[in-house]
Amino acid sequence: MNVKWEQRKLGENTMLITKGTTPYDKSNKGPINFIKVENIKNNTISPSMHITEIENDSHLSRSKLKENDILFSIAGTLGRTAIVTSNILPANTNQALAIIRGYNFNQQFLINYLSGRAVKNFIRQNPTIGAQPNLSLKQIKSFTITAPNNDYEQIKIGSLIKKLNNLVTLQQRKLKQLKQLKKAMLQQLFVDKNCKQPILRFKNFNDNWEERKLSDIANYRNGKAHEQYIDMNGIYTVVNSKFISTNGKVKKFSNKPIELLKKGEIAFVLSDVPNGKALAKTYLIDSDNKYSLNQRIAGITPSSDINSYFLYILMNRNRYFLKFDDGVGQTNLSKKDIEKFKENYPLFDEQQKIANLFSKIQTLITRQQNKLNQLIALKKYLLQNLFI
């Protein structure tokens, strides 16, 4: 089938393009959903604000939403899109979202076209820069859409992207469930400071857990400066806060083995900005003589009766360490602070059981994240190549 693609102005192929305004009543009371830009993520609408029927029928009457309207963000965060479905109605919106109604395009084709490269290029070329980026309704109406003149091809393209979106949503849900499982297991399998036994326990383990200081169950050492030895062709990975906080994704290298780490050691971030996400984050070393410990990172070597993975989980962002962050100045944990760290520990065999379970859960999370990343990359590729 020889299908031609043709250019069409959005404004000439829609019944209405308009926007709303700000409600007077900020009490968030009423039966009408009020949609803002932040309520739209991944082409899905999640209402969080409400307005009264009086406002909906008076000065906001022109922006009453209807089923199958397309919302397109034109202020602040530009280019977010979603289809209005019956489950959120009755609903209204403000001036940051354009309402596109009565369009002469396949719905799924149009919503995905508006999420694609052509629109992103248009936004880069056309926003009005002020207190925040914004697009006018005139600019939206003038936007040129290149589409097949055959409805069948529009339907096929829209259907393919919709199926991919559904897959992405499903994989996101699975990833969230795995992370929730890990969080629940952390709460159930580790004891509270004031308890001697966890809520959930493996069979045949009954002994009380024993409180111990870190200085009694592990050796501590500080890293050393690597700045003058950084070499992107180096053979040693420099373990710094960026490396640890990104779970090993951001790397620097060195050819000089300044402070080599061994398999089973734990690298621990000592310093971070106020309310930072790296402080007290841990990284478990997986092989000998591959990593070199940078300054402001501690190396923790567990004793023979402590499972490395167990301690790695226990220390990671532990609230004991986070309490040193006052939210004002940079936090710098000292050797004394670290070695005073007290927690309850079971016997080694139970540590190993717990560690093995968390290792399996983390493997599942990593695989699921990789699956999701691949689907998102595929969607991006298709959005760039299926639309002209």
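**Helix packing, cores and backbone**

Helix 5 and helix 11 cross in a left-handed sense. Before going on, please keep in mind that this is a predicted model. The axes of these two helices, helix 5 and helix 11, lie 9 Å apart and the packing angle is about 160°. Angles over 145 degrees count as roughly antiparallel, and helix 5 and helix 11 are therefore roughly antiparallel to each other. Sorted by class, the residues in the contact of helix 5 with helix 11 are 23 nonpolar, six polar and five charged.

Helix 11, residues 348–385, also meets helix 8, residues 308–315, with the axes coming within 8 Å and crossing at roughly 70°. That angle makes helix 8 roughly perpendicular to helix 11. The crossing of helix 8 and helix 11 is left-handed. Which residues make the contact? From helix 8 they are Tyr-309, Phe-310 and Ile-313, and from helix 11 they are Gln-351, Ile-354, Ala-355, Phe-358, Ser-359 and Gln-362. In the contact of helix 8 with helix 11, six residues are nonpolar, three are polar and none is charged.

Next, the cores. The largest nonpolar core contains 44 residues. Those with the most contacts inside this core are Leu-214, Phe-268, Ile-300, Leu-311, Met-315, Phe-321 and Ile-338. Several elements each supply at least two residues of the core, among them helix 5 (151–189), helix 6 (214–217), strand 16 (266–269), strand 20 (297–302) and helix 9 (319–322). Which element gives the most? Helix 11 does, with nine residues.

Take Leu-214 as an example. Setting aside neighbours within four places in sequence, Leu-214 is in contact with Ile-300, Leu-311, Met-315, Ile-338, Glu-339 and Phe-341. There is also a second, separate core of 26 residues, and Leu-78, Ala-98, Leu-110 and Ile-140 are included in it.

Now Ala-218, which lies in strand 13. Is Ala-218 buried or exposed? The cut-off for buried is under 20% relative accessible area, and Ala-218 has 9%, so Ala-218 is buried. Not counting residues up to four places away in sequence, Ala-218 touches Ile-300, Thr-301, Pro-302, Ser-303 and Leu-311. As for distance, Ala-218 and Lys-176 are 42 residues apart along the chain, and their C-alpha atoms are separated by 34 Å.

Last, the backbone. Most residues other than glycine have a negative phi, and most peptide bonds are trans.

The peptide bond joining Leu-89 and Pro-90 is cis, with omega about 0°. Pro-90 sits in the loop between strand 8 (81–83) and strand 9 (91–93).

Asn-204 has a positive phi, near 75°, and is not a glycine. Asn-204 is found in the loop between helix 5 and strand 12 (210–213). Its relative accessibility is 67%, so Asn-204 counts as exposed.

Arg-296 also has a positive phi, about 65°, although it is not a glycine. The loop that holds Arg-296 runs between strand 19 (291–293) and strand 20. How accessible is Arg-296, and which class does that give? At 47% relative accessibility, Arg-296 counts as partly exposed.

That is the end of the tour.

How values were computed. Residues numbered from 1 in each chain as written. Predicted model: local features only at pLDDT ≥ 70, side-chain atom pairs only at ≥ 80, totals over all residues. Heavy atoms only, no water. Axes fitted to C-alpha atoms, helices over the stretch in contact; angles between N-to-C directions. Helix = DSSP H or I, 4+ residues; strand = E, 2+ residues; numbered from the N terminus. Parallel < 35°, antiparallel > 145°, perpendicular 65-115°, else oblique. Left-handed = near helix turned anticlockwise from the far one by under 90°. Contact = heavy atoms within 4.5 Å. Nonpolar A, V, L, I, M, F, W, Y, C, P; charged D, E, K, R; others polar. Core = buried A, V, L, I, M, F, W, Y, C linked by side-chain atoms within 4.5 Å. Buried < 20%, exposed > 50% of the residue type's maximum accessible area, 1.4 Å probe, protein only.
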